[in-house]
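Here is a short tour of a two-chain complex, meant to be read with the structure open beside you. Shall we take a look?

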Amino acid sequence: MSETTKKRTPVKRWIVLALVAAGIFAAFIGPSILKPISPVVVLPAEPTGLAIGGFQITNTILATLLADIVLVLMAFGAYRFSKTGSLVPHGFYNFFEFLVEFLWNSVSSAAGKWAKRIFPIPATIFLIIFAANMIKLVPGFESIGRMKEVHEGTGYAPVKLFSISSLSVYTLDKAHPVEVTAAIGETGEAESESHGEVATDEMCTACEVVPFLRGSATDLNFPFALAVIAVLMTQVYGVWALGPGYFSKFFPIKQLISGGPFGAINFLVGLLELILEFAKILSFGFRLFGNIFAGALLLSIVGALTAVIVPVGLYIFEVFFGIIQAYVFFLLATMFISGATIGHHAEEQH
Amino acid sequence: MNDPVAFVAGLKLLGAGLAMLGAIGAGVGVGIAASGGVQAMGRNPDAAGIIQTNMILGMAFAEAVAIYALAVALIIIFAA
């Protein structure tokens with residue numbers, strides 16, 4: 001081990017120093033050349049221009065695919081490492097082992113003997129949210145994209161940076177704002193819509209950037225898809241554990257017939273439980289979406305205001321929040337699923 | 001008042017700001033959960049793991065209210 005520590009060359013610290021110097025240069029000298037534009041807040045995911053059979057691929061789908069690829073590569077790496085038979089994990093695998101152990105402990109303390117069957121669903125959800133949240137903090141997300149003509153509000157004139165053979169790279173400068181009034185007229189609108197594919201090659205006069213990649217969870221569809229999966233799997237595990245009797249939680253007909261007035265109240269409570277299942281989807285989805293979208297918004301706005309030290313702290317904050325939100329989603333899914341496997345009557349008997 | 005479009009746009013921003021008042025309750029709730037969790041961990045450090053899990057769970061539920069407020073504010077600004 002001592003040999004490896006001796007061999008260490010101080011290359012990394014020069015890289016870090018160079019990055020710090022580049023940051024200082026960008027923060028203090030940069031604004032005299034190019035000013036950062038104030039961020040544009042867009043709620044729905046924007047299409048990147050790619051399409052498979054009429055299905056528009058949005059930038060959040062691209063980011064999710066990227067997270068998927070990273071996750072699959074990680075899984076293959078971990079699998080190959082486990083095949084080597086080496087018992088002492090190092091580096092990245094150490095982290096992976098720690099992660100899986102941590103998740104397993106959480107599930108097994110919550111679910112008891114069902115833990116082994118429940119584990120794959122919430123752990124997969126955790127890993128995909130974790131990968132998506134971490135990968136969206138990579139620089140280039142939400143900043144590199146293609147130019148689009150602004151239809152309303154303020155756009156910026158493009159400034160040419162450099163060109164690699166036929167591909168020219170442009171940037172936007174706050175010093176060249178172009179005000180666009182909303183009323184262009186119907187003909188102008190229709191024209192720009194129809195020329196949408198062609199116009200990417202021509203230059204726009206008042207531009208905004210449509211990023212190629214945007215954090216997956218800043219699109220409502222990603223959290224909601226995971227939420228629907230989690231809640232559906234809750235029902236599946238409930239039926240698996242308790243049989244069709246699981247649905248007596250929602251429709252306690254037996255109690256309605258034999259229970260008298262309290263039976264009727266219990267029936268209404270059961271209906272409330274049914275509504276609660278749908279509320280779970282909403283709260284799952286909005287929690288993840290709200291946190292990540294607010295984080296992305298905070299980063300872009302603060303990054304446009306002060307470029308030097310503050311965003312670093314916020315980035316650390318975002319890393320923390322990405323992990324916490326993935327863990328919260330995982331924990332809630334585990335709790336709901338393990339709660340469904342226990343059921344009402346078993347709880348009363350104990 | 002002379003420009004109804006600007007008036008409505010201003011009122012939208014005002015409404016979104018007012019909607020975020022809902023975050024007050026969530027902030028208080030998360031604070032109470034953290035305070036209770038830390039006190040419990042101080043009294044019984046052995047049970048820190050399970051207390052932490054339940055604390056984060058409670059925080060997530062309390063925080064959901066703020067997220068609903070945020071969703072309403074975003075809808076007011078962008079969708080309404």
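## Chain A at a glance

In chain A, 73% of the contacts with a separation of 6 or more are between residues 24 or more positions apart. This is a predicted model, and its chain A holds twelve helices and seven strands. Of the 350 residues in chain A, 26% are buried.

Let us turn to confidence, beginning with the complex. The predictor assigns the complex an ipTM of 0.73 and a pTM of 0.79. For chain B the mean pLDDT is 87, with 98% of the residues at 70 or more.

For chain A the mean pLDDT is 77, and 78% of the residues reach 70 or more. Among the elements of chain A, α6(A) has the highest mean pLDDT (92), while helix α7 (residues 186-194) has the lowest (34). The pLDDT is below 50 over residues 182-201 of chain A, a stretch that has eight contacts in the model beyond near neighbours in sequence. Residues 346-350 of chain A also have a pLDDT below 50, and this stretch has one contact in the model beyond near neighbours in sequence.

## Helix α6 of chain A

Helix α6 of chain A covers residues 120-135. Its 16 residues reach 22 Å from the first C-alpha to the last, close to the 22 Å expected at 1.5 Å a residue.

Which residues of α6(A) are buried? They are A:Ile121, A:Pro122, A:Ile125, A:Phe126, A:Leu127, A:Ile129, A:Phe130, A:Ala131, A:Ala132, A:Asn133 and A:Ile135. These buried residues pack against α3 (59-84), α4, α5 (115-118), α8 (221-242), α10 and α11 of chain A.

## A hairpin and an exposed isoleucine

Now to a pair of strands in chain A. Strand β1 (residues 47-52) and strand β2 (residues 55-58) of chain A run antiparallel and are joined by three bridges. A:Ala51 stands opposite A:Gln56, and A:Ile52 stands opposite A:Phe55. β1(A) and β2(A) form a hairpin with two residues between them, and A:Gly53 in the turn has a positive phi of about 55°.

Elsewhere in chain A, A:Ile257 lies in helix α9 (residues 253-258). Is A:Ile257 buried or exposed? A:Ile257 counts as exposed because it has 10 C-beta neighbours inside 10 Å, and the cut-off for an exposed residue is 12 or fewer. A:Ile257 and A:Phe267 are ten residues apart in sequence, with 9.9 Å between their C-alpha atoms.

## Helix α2 of chain B

In chain B, helix α2 (residues 23-43) has 21 residues. From its first C-alpha to its last, α2(B) reaches 30 Å, close to the 30 Å expected at 1.5 Å a residue. Its residues B:Ala26, B:Val30 and B:Ala33 are buried. Seen down the axis of α2(B), the buried residues fall within an arc of 60°, so they line one face of the helix. An α-helix has 3.6 residues a turn, so residues three or four places apart point the same way. The buried residues of α2(B) pack against α3 (48-79) of chain B.

On the other side of α2(B), the exposed residues are B:Ile24, B:Val28, B:Gly31, B:Ser35, B:Gln39, B:Gly42 and B:Arg43. Take B:Gly42: it counts as exposed because it has 9 C-beta neighbours inside 10 Å. B:Gly42 and B:Ala66 are 24 residues apart along the chain, and their C-alpha atoms are separated by 28 Å.

## Where the chains meet

Finally, the interface. Contacts between the chains involve 14 residues of chain A and twelve residues of chain B. On the side of chain A that touches chain B, α4 (92-111), α10 (261-305) and α11 (310-342) of chain A each supply at least two residues. Which element of chain A gives the most to this side? That is α10(A), with six residues.

By class, the side of chain A that touches chain B has eight nonpolar, five polar and one charged residues.

Conventions
Residues numbered from 1 in each chain as written. Chains lettered and ligands numbered in written order. Predicted model: local features only at pLDDT ≥ 70, side-chain atom pairs only at ≥ 80, totals over all residues. Contact = placed C-beta atoms within 7 Å. Helix = DSSP H or I, 4+ residues; strand = E, 2+ residues; numbered from the N terminus. Nonpolar A, V, L, I, M, F, W, Y, C, P; charged D, E, K, R; others polar. Expected span 1.5 Å × (residues − 1). Buried ≥ 20, exposed ≤ 12 C-beta atoms within 10 Å, placed from the backbone. Arc of directions from axis to C-beta. Pairing = 2+ DSSP bridges. pLDDT = per-residue confidence, 0-100.
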